[in-house]
Amino acid sequence: MSKTASDSRPWVEKYRPRKIAEVSQQVEAKRLLSRIIETGNMPHLLFFGPPGSGKTSAALALVKELFGREDAKTRLLELNASDERGIRVVREKIKKYTRTNTPKGKINPETGREMPPWKVVMLDEADMMTPDAQAALRRIMEAFARNTRFIIICNYVHKIIDPLFSRCSPHRFEPVSPEAQIERLQMICKAESLTVASRALERLMSLTCGDLRRAVNLLQSAAGIHRTITEDAILEVAVHPPSYVVQSVLSACATSPDAVNEIAEEVANQGWDVALLLQEMVVEVVKSDHLSDLQKATILHELGVTEFAVLQGRELLPLAMS
């Protein structure tokens with residue numbers, strides 16, 4: 001995937017997959033989409049799964065492979081339902097688009113295959129649509145199935161009404177595995193000539209929890225500030241406390257309540273997010289080699305209680321870890 005040096009787009013767009021084969025992981029979905037490209041036979045599709053798992057990228061790659069990059073611009077109506085979620089959008093924008101005719105017998109210049117005689121409406125974040133808008137969409141899907149296919153994308157499939165769900169072929173997208181994320185990020189690092197310190201990408205994985213889009217965004221943010229991508233550089237752009245702050249807090253907790261009070265005041269003065277600090281403390285405790293399993297369990301329980309209190313806006317007495 002060649003990129004020009006002058007390409008200033010965000011990396012999530014710059015390195016977005018152009019073909020189904022380039023989508024990370026999602027083996028079953030890729031098999032289905034490849035079959036659609038071969039046969040030109042496509043039902044209405046429903047993609048659901050966590051953010052950053054490749055749902056939108058897969059849908060865009062499918063459309064581009066079906067129609068070619070140029071014709072995809074006129075054969076695709078892309079809407080973000082979180083912005084345009086009401087029944088008015090369904091009745092005006094979508095209905096108007098589906099009523100237009102689509103030329104038949106046109107050849108895709110990139111594949112040599114005949115293009116399907118229909119166009120595509122892609123609704124991203126469709127779980128944000130109102131129930132009335134979803135009901136209206138169901139009727140349009142039925143009325144214009146001859147010349148329009150719908151790709152409905154959402155994070156929370158339970159928010160899609162049953163009549164709409166039943167008219168689509170549903171496919172769950174899994175969180176992208178650490179191995180697949182690292183492979184993708186290493187490709188980007190190589191293309192951008194980045195120097196990456198040991199374990200920096202692994203640290204990035206622990207922060208993003210399968211969200212490849214967020215991982216790419218954080219990597220680009222770190223690359224814009226630091227010449228070498230380190231663990232602390234990743235933590236900085238993710239607004240997580242760096243390791244030296246976490247270690248200082250843990251050391252104080254192992255000393256005395258007075259030391260905890262002192263470091264707590266310092267953390268507050270520096271403006272660190274306490275909930276994120278507690279999350280980093282959990283990571284360090286789990287990785288620790290000098291704590292027994294019983295000590296880890298006790299500390300993690302107290303950290304959990306403390307984090308809950310912080311999120312609830314309550315105060316707790318500081319904990320000294322012995």
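This is a predicted model: local features need pLDDT of at least 70, side-chain atom pairs count only at pLDDT 80 or more; totals for chains, interfaces and linings use all residues.
User: How far apart are the C-alpha centres of domain 1 and domain 2?

Analyst: The two parts are domain 1 (11-172) and domain 2 (182-238) in the domain assignment. The distance between their C-alpha centres is 30 Å.

User: How many salt bridges are counted between domain 1 and domain 2, and how many does a search of the whole structure find?

Analyst: Between domain 1 and domain 2 the count is one salt bridge. Searching the whole structure gives a total of eleven.

User: Which residue's side chain meets lysine 14 in a salt bridge?

Analyst: Here the N to O distance is 2.7 Å. The partner of lysine 14 is glutamate 192.

User: Are glutamate 70 and lysine 73 buried or exposed?

Analyst: Their side chains meet in a salt bridge at 3.5 Å, N to O. Glutamate 70 and lysine 73 sit three residues apart in helix H3 (residues 55-75), about one turn of the helix. Residues three or four places apart point the same way because an α-helix has 3.6 residues a turn. As for accessibility, both glutamate 70 and lysine 73 are exposed.

User: How many residues apart in sequence are the parts that glutamate 280 and arginine 203 tie together?

Analyst: In this salt bridge the closest N and O atoms of glutamate 280 and arginine 203 are 1.9 Å apart. Glutamate 280 belongs to helix H13 and arginine 203 to helix H8 (residues 200-208), so the parts they tie together are separated in sequence by 77 residues.

User: Why do glutamate 280 and arginine 203 count as buried, and which network includes them?

Analyst: Buried means under 20% relative accessible area. Glutamate 280 is at 4%, so it counts as buried, and arginine 203 is buried too, at 7%. The salt-bridge network that links them consists of Arg203, Glu231 and Glu280.

User: Is lysine 287 buried, partly exposed or exposed?

Analyst: Lysine 287 forms a salt bridge with glutamate 284 (3.5 Å, N to O), and about one helical turn of H13 separates the two. Glutamate 284 counts as buried, at 18% relative accessibility. Lysine 287, with a relative accessible area of 43%, is partly exposed.

User: Which residues of H12 are buried, and which exposed residues lie on the face turned away from them?

Analyst: The buried residues of H12 are Ala259, Val260, Ile263 and Val267. They lie on the same side of H12, because their arc around the axis is only 95°. What covers them includes helix H11 (243-253) and helix H13 (274-287). The face turned away from that buried side carries the exposed residues Asp258, Glu262, Glu265, Ala268 and Asn269.

Note on methods: Residues are numbered from 1 along each chain as its sequence is written. Side-chain values use heavy atoms; hydrogens and water are left out. Buried means under 20% relative accessible area, exposed over 50%, partly exposed in between (1.4 Å probe, protein chains only). Helices (H or I, at least four residues) and strands (E, at least two) are DSSP runs, numbered from the N terminus. The arc is that of the directions from the helix axis to the C-beta atoms. Contact means heavy atoms within 4.5 Å. Domain bounds come from an automatic or database domain assignment. A salt bridge is a side-chain nitrogen of Lys or Arg within 4 Å of a carboxyl oxygen of Asp or Glu.
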